[in-house]
Amino acid sequence: MELEEEYTRNRTSMKKIKKQDTQCLIVYVVNLMLLLFSFFILIGSGKKLYLAICAIIVGASVSGFFSVFKKNFPLSIVSASLFIAEVILFISTIGFELPAAFGFGVLIYYSVINVLNCKKYEWLIQQDGFPIFEIKQKEYEMKKAMWDIKDPYTKKKEDIEKRNSDSGDMPNI
């Protein structure tokens with residue numbers, strides 16, 4: 001019963017990670033789309049700092065996107081730090097506005113969620129029954145392993161039968 005409860009907990013965690021990963025991907029894509037809309041406005045102003053902000057936005061979104069797909073913990077840390085740098089630079093250059101602050105809060109929230117999901121996924125990989133966490137699959141694998149194990153008498157009998165069949169063949173006339 002304990003194994004079944006553990007598998008249920010792990011399966012629930014895996015579903016939660018997949019759901020949150022989808023949300024993170026949407027946030028990263030929206031962040032890139034907002035960059036595309038604001039790219040010409042930021043670059044048109046002629047300030048080099050805005051170009052740096054655009055580069056950080058692209059780096060943060062792309063690293064976050066790949067960290068979700070590859071479940072790469074170090075890449076998710078890089079993405080979260082770039083998002084924090086993006087927020088700090090954006091607020092220091094443009095100023096504090098409520099809609100922008102809400103958007104940055106969402107970005108930071110999902111970057112932290114991405115880091116936690118990558119860490120949890122690394123832990124789930126090490127657990128028994130990893131990809132699907134299904135008790136019936138574990139029972140099937142145990143039964144299959146038991147069928148593959150042969151006692152020494154069965155092995156000896158099969159060896160004798162194999163030798164007899166190889167050497168005792170009569171030619172057909």
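Here is a short tour of the model you have open, going from the whole chain down to single residues.

Keep in mind that this is a predicted model, in which local features need pLDDT of at least 70 and side-chain atom pairs count only at pLDDT 80 or more, while totals for chains, interfaces and linings use all residues. Residues are numbered from 1 along each chain as its sequence is written, and side-chain values use heavy atoms, with hydrogens and water left out.

**Whole chain.** Show it as a cartoon: you'll find six helices and zero strands, where helices (H or I, at least four residues) and strands (E, at least two) are DSSP runs numbered from the N terminus. Of the 173 residues, 27% are buried (under 20% relative accessible area with a 1.4 Å probe, protein chains only; exposed is over 50%, partly exposed in between).

**Helix α1.** Select residues 2-44. Valine 29 sits in this helix and counts as partly exposed because its relative accessible area is 35%.

**Helix α2.** Next, select residues 48-70, a helix of 23 residues. From first C-alpha to last, α2 reaches 33 Å, close to the 33 Å expected at 1.5 Å a residue (that is, 1.5 Å times one less than its number of residues). Which residues of α2 are buried? Color Tyr50, Ile53, Cys54, Ile56, Ile57, Ala60, Ser61, Ser63, Gly64, Ser67 and Val68 to see them.

**Last stop.** Click lysine 71, which follows α2 and has a positive phi, near 50 degrees.
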